[in-house]
Amino acid sequence: MEQAEELSGVREVPVAEDAQCRESMAVAAAQNVLAPPRAAQDVGLVVCAWVLDTNTDWKLAPRLARKAGARRAVAIGVRQLSNGGAIGVQIAVAQMVAEASLRAALVLTGDALGPDAPGRWSGAEGAFMGDAATALLLSRTQGRLAVRSIASSGHCEHEADLPVANPLLGPPPWASAAPAKVGSGPFLLRRCVRDAVQGALADAGLDAGDARLRIVILPRLAPWLLDVLMTGLLPESLAAEQLRLTARTGHLFAGDMTANLDHLLREDALEVGQYALLVSVGSGFTATCLVVQAVSPLTDAKRHEKGVATS
């Protein structure tokens, strides 16, 4: 256990109770961002991302949309492993840009191993796994943060080196947790991170030295893996502003980026006009980078607001 904690950098993780499942948690998260209930009527697109497999996943996206109250939305399921939530955001943003009549989109993630699953402690994703569901509302009319750009990069050739079986469902390989990841895979993923960072900053009209770029939030992975993936690829001016939020949650399956956006809003980390860069990665291998800008100040009425406005 001590070895695993040292490798992962995790002190605690959320664990779903016996009565909880990823579906109930995802619906609760969705209802939270869609309060008041009439907000669901504006949602024309629901994008749902998950990692673990069940026998009913073939209709998970429309089922979650229905239970969240977005009964007339187009529902899409995304299978992109740990980067699924980030790609879900990109799909939703792109659709809102392309479809002028789409007033709001909802991005959901959710996975739960439960209290007794051995895969939680395997380090298969470079960190212990935390059960979680996230919901992100993108709207044309409300939100403290505006999406300024989002870019992805992929290198799929490494897929052939991944195990056939889902590594989260196997035994906990304590002794091999770190060595298994220190191969060509992380370095291929570095290319993805580099290209996605450069693309997102360029599309947002920012350069590495722009003083308005205040924060980088990294995926919720182990420190050793973040060092491998990120060292030398992020603006030097942001070295002291990098947020690593793994310690109290572990890796949140497909929900790292959406959870990090929630943290950015809850902590009121940006002043109006300032930017943040959020990085997401996943086996596949893909990296997605999102640039957001604070466009309105925090008020008591907005203190619990979790929506993100597109622009």
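Helices (DSSP runs of H or I, at least four residues) and strands (runs of E, at least two) are numbered here from the N terminus. The structure is a predicted model, in which local features need pLDDT of at least 70 and side-chain atom pairs count only at pLDDT 80 or more, while totals for chains, interfaces and linings use all residues. Residues are numbered from 1 along each chain as its sequence is written, and side-chain values use heavy atoms, with hydrogens and water left out.

The overall picture comes first. The protein chain holds 7 helices and 10 strands. Contact means heavy atoms within 4.5 Å. Among contacts between residues at least 6 apart in sequence, 82% join residues at least 24 apart.

Helix α2 (residues 22–33) packs against helix α3 (residues 60–68) at an angle of about 45°, and their axes are 9 Å apart. This makes α2 oblique to α3, since angles under 35 degrees count as roughly parallel, over 145 as roughly antiparallel, 65 to 115 as roughly perpendicular and the rest as oblique. On the α2 side, the residues that meet α3 are Arg 22, Glu 23, Ala 26, Val 27, Ala 30 and Gln 31, and their partners in α3 are Leu 60, Arg 63, Leu 64, Lys 67 and Ala 68. The residues of this contact divide into 6 nonpolar, 1 polar and 4 charged; Ala, Val, Leu, Ile, Met, Phe, Trp, Tyr, Cys and Pro count as nonpolar, Asp, Glu, Lys and Arg as charged, and the others, Gly among them, as polar.

Ala 105 is found in β3 (residues 104–111) and is buried, because its relative accessible area is 0%. Leaving out residues up to four places away in sequence, Ala 105 touches Val 43, Leu 45, Ala 92, Met 96, Leu 136, Leu 137 and Leu 138.

Gln 274 sits in the loop between α7 (256–266) and β8 (275–282), and it counts as buried because its relative accessibility is 18%. A polar atom of the Gln 274 side chain lies 2.9 Å from the backbone nitrogen of Glu 271. Apart from neighbours within four places in sequence, Gln 274 is in contact with Arg 212, Arg 214, Ala 269, Val 292, Gln 293 and Ala 294.

How values were computed. Buried means under 20% relative accessible area, exposed over 50%, partly exposed in between (1.4 Å probe, protein chains only). A polar contact is a pair of N or O atoms within 3.5 Å; within protein, one must be able to donate a hydrogen and the other to accept it, and residues adjacent in sequence count only if both atoms are side-chain atoms. Axes are lines fitted to C-alpha atoms, for helices over the stretch in contact, and angles run from 0 to 180 degrees between N-to-C directions.
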